[in-house]
Amino acid sequence: MAPMCGIAGYIGPRKAVDVVFDQLKRLEYRGYDSAGIAYLNGDSTIHVLKRAGKLTELGKLLEDGSPDSGLAIAHSRWATHGAPTDLNAHPHFDQFGDIALIHNGIIENYLEVKAELMAEGHVFRSETDTEVAAHLIGREHASGLTLEESVRRAVRRLRGAFAFVVLSRREPEKFVAARNASPLIVGLGEGESMVASDVPALLPYTRKVVIIEDDRVAMLTRDGVVVTDLEGRPAPYEPMTIDWDVEAAEKGGYEHFMLKEIHEQPLVVRQCLAGRLDEAGRVRLEQVFSDHVWQEIDRVNIIACGTAYHAGLLGKYLLEMMLRLPTDVFYSSEFRYGDPLLSDRSLAVFISQSGETADSLAALRLCKSRRIRTLGIVNVVGSSIARECDRVLFTQAGPEISVASTKAYVAQSLVLQLLALYIAQVREMPGIRVGELVQDLREFESRMDRCLILEPQVQELAERFVGAPLVFFLGRNADAHVAREAALKLKEVAYVPTQESPAGELKHGPLALIEPGTLAVFGATDPEVREKLASNIREVQARGGFVLAVTTDDDTSLDGVSEAVIKVPAGRSSYLNALLSVVPLQMFAYHVARLRGCEIDQPRNLAKSVTVE
Ligand code: M6R
């Protein structure tokens, strides 16, 4: 599986291998852990070069000069499942060596398709879902279908979020690309055509592009592109001219990676849930502990830093409220030096985007030395924490480049929700409506999408409150945990002092800081405690503070009560409602930072991965 990898492909008069290698370089900023190229050079054979590691490793295979070829496809892989090895690197072949395929995204039903193909005698070499797609297309192609029709058939059969690029040694004058939810852009030149997962790879060659839509198949030749739907009917498309410079293109046209990553969150939700919710409305998690372990665990310790710690707080809320499973959350740095109480029946959960955070890694090693079971919730496959934990659930959020974590937090929190539901299933807990919560998860992507249209409103609020000298972030229950994350975002990227606490704690001290001009942001998505929150709101206003409330769109109780209200689309689960409210608050931090002229993607004094104590 490989969400958000780099895809490149070229057909035309230039040396195709050089072009696609250069295109991969232009996608390098996104991060990857292996890379490969497939090309044709007129001898009816598909040639493949691939290497784990950086592009320089792949480049060594081209040191004696690149081969003559007018058609090549290339891929940089950011592994999520299956280690970053030469073998798992793309391209992958079909059973007969007729086609080579590169792939971005996740194929949800690959195990089912793989079993079917194995029963027919297909032999698989890698651990990837990608190879299954290659075999499926290869089988259709071997039956006499054209490459594009074979791809259409395969896409109709596969579920998930993916993009493919495929070449065939039997049809050397074309290559084919298909999209279902993962980005794919065709570039049109003079006597040459190309494809990439992202605009920067195309810019040196052409500015005329076609954005391929979902459920479309594109056939590229030197003369241009033919786009069809999955039934083979011509699909209209509109070429457009890109006038971004390279830097803007790397950010997908957004001014900063942070904003790009905020906007990627609907896709992240999809990628994170892909293959983990089954047709029967249950959660499916592969490679976790066996059922008896989940029955035995009587305590969970969640260990993490920063944003990942905040996701851990949400996890505690969920595991205790839903499963009544005692859970503690520790800062890794405190845990490792705190002589923690650890029992044989406990589970230590390490949450980390990078998988390299020094304190978390040291805490993990401490648990291992005490023979405690460990589970990682990690974004970067192949990272130290991912390798050293007994089991790992990958967040599948794709590379996060901005120092301020946004999409990783959402993915971590979703994985915790999946985990809680999974444990509930194993323990057959009565009273937990797994099916209903799974349905809520399924709808989360579209709710997240609807959240993004709040941006103009959030931007106006940022303009209104940019001068606030101090911003409070308050809430109750899950909203209180999201409030801490929202506060971290504002302080980290906009350098605005914040005060975060559960709303009920206000009058036990922090209220003393409220004065005219102070802004208090209230997370108010939980109807159970909204009335209590309304009293806290009045406490702030009575002292001259302004209130910005974030609630759900089915609530009118705070209209006219707060100075400003943001409403996120309501769902059934209070956990997911609270999680959704982080999106406008991430945007709020971003826009305040922008107005204050801050270095948003690389805030002063901070690093993306804290690999020292
Ligand atoms: O890579 P990790 O998730 O282990 O990193 C933990 C923190 O350093 C990280 O979340 C940090 O707090 C972010 N900059 C917050 O935006």
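Student: Which residues of α5 are buried?

Tutor: Buried means under 20% relative accessible area (1.4 Å probe, protein chains only). In α5 of this predicted model, L147, E148, E149, S150, V151, R152, A154 and V155 are buried. Helices here are DSSP runs of H or I with at least four residues, strands are E runs of at least two, and both are numbered from the N terminus. Because eight of the 11 residues of helix α5 (residues 147-157) are buried, the helix is largely enclosed by the rest of the structure.

Student: What covers the buried residues of α5?

Tutor: Contact means heavy atoms within 4.5 Å. The cover includes β6 (99-107), α4 (130-142), β7 (160-168), β8 (175-180), β12 (216-221) and β13 (224-229).

Student: How many residues surround the ligand?

Tutor: A residue is near a molecule if one of its heavy atoms lies within 4 Å of it. For this ligand there are 15, and the closest are S352, Q353, S354, T357 and E492. At least three come from each of domain 2 (261-450) and domain 3 (453-595), with bounds from an automatic or database domain assignment.

Student: Where is the polar side-chain atom of K489 relative to the ligand?

Tutor: A polar contact is a pair of N or O atoms within 3.5 Å. The K489 atom lies 3.1 Å from a ligand oxygen. For T357, a side-chain N or O atom is 2.4 Å from an oxygen of the ligand.

Tutor: Residues are numbered from 1 along each chain as its sequence is written. As the model is predicted, local features need pLDDT of at least 70 and side-chain atom pairs count only at pLDDT 80 or more, while totals for chains, interfaces and linings use all residues; side-chain values use heavy atoms, with hydrogens and water left out.

Key
Polar contact = N/O pair within 3.5 Å; in protein donor to acceptor, adjacent residues only side chain to side chain. Buried < 20%, exposed > 50% of the residue type's maximum accessible area, 1.4 Å probe, protein only.
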